[in-house]
Amino acid sequence: MCQGNGFRVVITGKGGVGKTTLTSCLATQLARNGVMVLAVDEDPQMNLPHALGLGIEAAGKIVPLNLNHGYIEEKTGIRPGASGWGAMFKLNPDVNDVVKRFGVNVSNNLNLLVMGTVKQAGGGCLCAENVLLDSTIRHLALRDNEAILLDTQAGVEHFGRALAKGFNHCLVVSDDTFNALTVAEHSAKLARESGIAHVSLVINRGNQGTAEKMARFDDYIGTGLAQNFNSVFLLPFEPRLETLEPAVTRIMDMKDSDYGAAVAALASRLGSHTCECAENHSH
Ligand SMILES: Nc1ncnc2c1ncn2[C@@H]1O[C@H](COP(=O)(O)OP(=O)(O)O)[C@@H](O)[C@H]1O
Ligand SMILES: [Mg+2]
């Protein structure tokens, strides 16, 4: 799905590896670079508004999209909670008004959409909320110089839904522990199966021992971990993040932060290979 030169990035990985911190800092940097950014929070814990620096009061006023029942009914034709089996869904609702109606402006060029997440009642439940959430992400038209960054909850459930489809870049965040890297490797495979062309590994809190640890991990599982990824980025440990919480994007104002510099470098790389199919299509 090629939509102009905008780019869509899904950020995934094990719990606590630094997904929300990275998403918020990347969003901040891209917006400063002049990209129109929509940051989307898919995690029911809803940390992203706080990470982006919205105060407690502003963040508390946000009603996640999945709780806007009137909107869901308007767009899907189904009242949330109604028995959906056999019901007619509008599978591709026109959702281009969603940012205008429910997006929160964070700063210049940066808007936030909080999805809320619906628990699957069983395998393959096609409930109205999920149809809307997935369609919202998939069908939001992107123009040149626009980006969607999707911060996900821990785990790989989102790859089983339509949610991750239509993304052109996946950032798999990991630390250098065996458990996180195992999740990362699995996530890379699922991302590819979802049709995501660029899958990058981001080793967060990387340090001197990281390359060595990765080599040890490669030996352990007998395959090259890095070969599952198009690129590998290292983000250094940044002790000041803890003191800035929850508004961690303030690290991007600290010129001496190696973490901030690494995020800025990653933002430039993302901006440089935007729509993957640009060369293959005539538009
Ligand atoms: N590079 C880093 N250096 C130090 N602390 C970090 C770094 N990245 C994230 N953290 C901290 O790790 C914790 C988890 O980060 P978070 O982004 O919430 O993870 P996730 O969204 O993956 O669950 C937070 O306390 C955050 O401040
Ligand atoms: Mg998070």
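Student: Helices here are DSSP runs of H or I with at least four residues, strands are runs of E with at least two, and both are numbered from the N terminus. So where does Thr-136 have its place?

Tutor: In helix H6, residues 128-139. Before going on: this is a predicted model, where local features need pLDDT of at least 70, side-chain atom pairs count only at pLDDT 80 or more, and totals for chains, interfaces and linings use all residues. Residues are numbered from 1 along each chain as its sequence is written, chains are lettered from A and ligands numbered from 1 in the order in which they are written, and side-chain values use heavy atoms, with hydrogens and water left out.

Student: OK. Is Thr-136 buried or exposed?

Tutor: Buried, because its relative accessibility is 0%. The cut-offs are under 20% relative accessible area for buried, over 50% for exposed and partly exposed in between, with a 1.4 Å probe and protein chains only.

Student: What is Thr-136 in contact with, leaving aside neighbours within four places in sequence?

Tutor: Leu-65, Val-95, Val-98, Leu-113 and Met-115, where contact means heavy atoms within 4.5 Å. Val-98 sits in helix H5, residues 98-102, and counts as buried because its relative accessible area is 0%. Beyond four places in sequence, Val-98 touches Leu-65, Tyr-71, Gly-103, Leu-113, Thr-136 and Leu-140. Tyr-71 is 27 residues from Val-98 in sequence, and their C-alphas are 9.1 Å apart.

Student: Zooming out, how many helices and strands does the chain have?

Tutor: There are 10 helices and 8 strands. Of the 283 residues, 51% are buried.

Student: And the largest nonpolar core, how many residues has it?

Tutor: It has 41, and Leu-22, Leu-26 and Leu-171 make the most contacts inside it. A core here is a set of buried Ala, Val, Leu, Ile, Met, Phe, Trp, Tyr and Cys residues joined through side-chain atoms within 4.5 Å. A second, separate core has 38 residues, including Ile-72 and Leu-201.

Student: Switching to pockets: which residues lie nearest the centre of the largest pocket?

Tutor: Gly-18, Thr-20, Thr-21, Arg-205 and Glu-245, out of 26 lining residues. A pocket is an open set of points on a 1 Å grid over the protein atoms alone, where a 1.4 Å probe fits, with protein on both sides within 12 Å along at least five of seven lines; lining residues have an atom within 4 Å of a point.

Student: Which helix gives the most to that lining?

Tutor: H1, with 3 residues. H1 spans 19-32, and helix H2 (48-51), strand S7 (198-206) and helix H9 (240-244) also supply at least two residues each.

Student: What does the pLDDT of the chain average?

Tutor: It averages 83, and 83% of the residues score at least 70; pLDDT is the predictor's confidence in each residue, from 0 to 100. Over residues 274-283 the pLDDT is below 50. Where pLDDT is low, the predicted coordinates should not be read in detail.
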